[in-house]
Structures are given as C-alpha cells and as structure tokens.
Amino acid sequence: MSLPVRAPAGEAFDVLSRFRVEFYECLYARADALFELTDAVLCADGPVKTLVELSLAVEHRRGHGAMYAALDRGWLEPARLRRALAGLPLPRAADERIVLAVDVSNWLRPDAPTSEDRLFCHVYGRGARSRDQFVPGWPYSFVAALETGRTSWVTLLDAVRLGPANAATIVTAGQRRDVIERLVQAQQWQAGDPKIWIVMDSGYAVAYLSHTLADLPVALVGRLRSDRVMLRDPGPARSGPKGGRPRRHGGALTFAKPHSWHEPEVTTVTDTTRYGKAEAMAWDRMHPRLTHRGPWLNHTREELPILHGTLIRLKVERLPGDRDPKPVWLWCSATAATPADVEHWWQSFLRGFDLEHTFRLMKQTLGWTAPKVRHADTADLWTWLLIAAHTQLRLARPLAEDLRRPWERPAEPRRLTPARVRRGFRNVRATTARPATAPKPSRPGPGRPAGSKNKQRARHHDVGKTVKRAESIKEHQARPR
C-alpha cells in the first residue's frame, strides 16, 4: 500500500484525517493539550525556538501553564503510535521494495546536571573547535522509510532513546526487528514481495545485525571503515601427510592494499548528474573475521559463524564543494549479486543520507532540541509529538499550496519541501478532523507563595554508561549472571 506524491486530494485528505484521529487516541493523559501543542508546532509562524511561544498560536487554545503541565504529566502510548505509523502508506522503490534507513541523532544537554540518563554523544564541528567532541546528551535511534530520487522527505517509523545501561548494538537490533515485524503485521510486506533493504552508515555492526535478523525478509547494506579486511572462502582442501582440520578462511582482501584484491565479479560504471561517473566493483562471498568481542560476547557457541556477503567499492568522480572524493566500502548481506543489484545497493545507501534533512528540519524548524526539559521521559514524549507532526506534514503533501516568499524559486507541482508544506498546513488543518475538545474556563492556581524559595534541590546525575562492556570472552563468562 503506497500513497504517491500525486495521489488524489480526496484520498490524501482521508488518510490525513484518519491519522489525526488515531494520533489523538494514542494520547492517554492530557490528550487535548498535547494534540493542540502538536498543531501549534505545525502552524506556528517561523521556526520553533521556545515552548512558551507556542501557547500564543491560534491553534493552541490553552494557556502556557496547561502546556507545561501536559508535557510534565501527559502520556502517549508509543506502541500504539508505532502501529499507526506502520499502517500508513509507505514510499517504495521502483520494484515495489521497501528501503529503510537507520541513524542516530543526538539531543545535546551539556549544561543539565539534573537530567538523568545522559550519555556522551559524539559530535563534530560544534562550537569554535572544529573537531570530534563528546558532549552529554540523549542519543535517539531513528528508523525511516526512504523515497526514490533527490528529496528531503522520509517516512519516520520509530525512535528509541539509548540509555546508559543499554548496549547500542543489541538495542538497535531489537528496534529493527520490531519495525520489520510491525510492517509484516500491517501487510506492508507479504510473501513473495522483494526483501526489505536496510541501509546504515559506519558505526553499526552490520555483520552482527545480519546474523540476528537472518530469519526476517531483509538484506542489510552497511558502510565499512577504510582500514578493514575481508576474507575469501578457502580454496579446495589439500590432503597432507598429517591431515588436519580444513581451513575456514581463505586469503585476505585488505581495503588499503590494492595488490591484495582479486578480480571483482561485477563492475559497473554509472553516469550521475551530481557525482559524475560512479564506478562500483563488487566481490561475491566475502566475509569478515569475527571474534568474541562486542556484541558477539553473548554468542553461546564456541565457533562463530561465517557470514557471506557482497563487498562493494564505490568511487565517484567528484563531490559537491570540490572535495577530494574517497572510495566508499559497503558490505551487503546478500550474495550472487547482478550488476543491477550492485547499482541499487549503493544508490540506496546514498539515499539514506536523506534522513539528515529530517534531523535538520526537526531541530531547526520544528524545535526538537529547543525545550530545556529535565526528565528523559519528557524528552521521549516531545520526540513522539514531533514524529506525529512530521507524519502529518508528509500526509498533507498533496494538499498544501506553495506559499513561497517573493525571493524563493517556484517549486514543481506537488514537490514541496517539508518547510513549505508547513507554511500551508494551517489552511489544510481547517478542513481536517480536529478531535480535541474546547478548554473549560478555569482560574490559575495559587502557585508558590510570594517570597518563598524552593527548598527541594534536584538530584544531580552522572553522565555515561552504567554498565561496563567486557573486553574478552573470559571476562564476560566470569561475570555473575
């Protein structure tokens, strides 16, 4: 089930109205205030910089006190909203395949010692020092469905905050499994359909994820570091005078040493408008050498599996900004690839960076990281409200008019960016379902007596992991269960 950009206005209107009702039903406490707060985010003039300014929007009929109380005591059921998102029309590739992207975005909270569950988030180029830094904050793992072609739209399906006691690889593996299972339950994927592709950047253990998700109809495409080594299959076994165990691994293919490469099974050259000529070389049935470290510590068997896949080296002619293009190494969990498969894999990997446009929209326009909230639960609630807001923008895409500024270029029909759809969402909202009830007249509470001080000091929390990862299999086995 898919809803194209050029879908009829009546069909798009029905889908948007149904989702707004489903979103309202996912709000179990302070539903009216939270629903109108989300509408205020969508209809506010300009970027969201503070929460209190949202209470001045026409769509928010309650005061700022009710808004803060809703964020503090409100309750949104993520499981129900996840099912609603999985049941919406999804974008698909030309072969009706679903392509998912996974990435982490950080809500930085460096000056919040009273906020719990903060981790050291890896950032680059923040502040005056243009280099790698580790800043305290809340990292969130997002999963989104990708569209085809150059676009800044994605379909957000899930978000999980990584906590101090979580192993990032284990949590993200469970998140991907849950998303795929929800898509299957919603009949977005059925038996006989092409496998779902999941693309990810470096930093993910793509081999471990392919092993844990082997029972699902997925194929993973992940980026590898340029200092890695992949192994070939061993050649024919040769009998010796003493016999011995057959070899499990063949020769090594070192990324940084071209003389160690053998002839690739597939070589493709594609002319692109953005990168010039893109040359891809693919080697079939290449596997990494696994060790009992990191996520493989929980592997019960003494012998680790051999995970075959396709190794791809992508080299482009140029990059935007006259940057020196360096080759990109990818590994796909599928084997026996055709030239068309190789091209689709690396093109889908590049499409995964469209998720960065969504992160920038959520932070700079929708105000994801603008509130200075204290508790992590409040941050989770606010994150899900913005996911619902972004989903409404995507569903209103065929309905919005181009309210462009005089200095802006006209957009193609029904090819508006998320920011331009947001400009016209106020007009779309007027004709959609609005399940929130009108506020009842009331008087503000007495508040804190004048002149009194808050004597309950907030607790300060440490930053970082609370569970140290074992360095070896012996240390892991020696730990008490």
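R177 is partly exposed, with a relative accessible area of 22%; for this term, the band sits between buried, under 20%, and exposed, over 50%, using a 1.4 Å probe and protein chains only. The side chains of E181 and R177 meet in a salt bridge, 3.9 Å from N to O. By salt bridge I mean a side-chain nitrogen of Lys or Arg within 4 Å of a carboxyl oxygen of Asp or Glu. Because E181 and R177 are four residues apart in helix α6 (residues 168-185), about one helical turn separates them.

A word on the model, friends. It is predicted, so local features need pLDDT of at least 70 and side-chain atom pairs count only at pLDDT 80 or more, while totals for chains, interfaces and linings use all residues. Residues are numbered from 1 along each chain as its sequence is written, and side-chain values use heavy atoms, with hydrogens and water left out.

Side chains of opposite charge can pair when their charged atoms come close. How many salt bridges does a search of the whole structure find? The count is 23.

One of them joins the side chains of R223 and D201, at 3.4 Å from N to O. This pair links distant parts of the chain, 22 residues apart: R223 is in strand β8 (residues 218-224), and D201 is in the loop between β7 (196-200) and α7 (206-212). R223 is partly exposed at 30% relative accessibility, and D201 is partly exposed at 24%.

Next, R423 and E408, whose side chains meet at 2.7 Å, N to O. They also link distant parts of the chain, 15 residues apart, with R423 in helix α11 (residues 418-423) and E408 in the loop between α10 and α11. Is E408 buried or exposed? E408 is buried, with a relative accessible area of 19%, whereas R423 is partly exposed at 28%.

There is a network too: salt bridges link D32, E36, R61 and R62.

Now some helix packing. Helix α2 (residues 31-43) packs with helix α10 (residues 376-395) at an angle of about 55 degrees, their axes 10 Å apart. The axes are lines fitted to C-alpha atoms over the stretch in contact, and angles run from 0 to 180 degrees between N-to-C directions. The two helices are therefore oblique to each other, the class left over once under 35 degrees is roughly parallel, over 145 roughly antiparallel and 65 to 115 roughly perpendicular.

Which residues make the contact, meaning heavy atoms within 4.5 Å? From α2 we have L34, L37, T38, D39, V41 and L42, and from α10 L381, W382, L385, L386, A389, Q392 and L393. By class, this contact has 10 nonpolar, two polar and one charged residues. Nonpolar here covers Ala, Val, Leu, Ile, Met, Phe, Trp, Tyr, Cys and Pro; charged is Asp, Glu, Lys and Arg; the others, Gly among them, are polar.

Last, backbone angles. Most residues other than glycine have a negative phi. Q187, however, has a positive phi near 60 degrees. Q187 lies in the loop between α6 and β7 and is exposed at 56%. A336 has a positive phi of about 55 degrees without being a glycine. A336 sits in the loop between β14 (328-332) and α8 (339-351), exposed at 58%.

Note on methods
Contact = heavy atoms within 4.5 Å.
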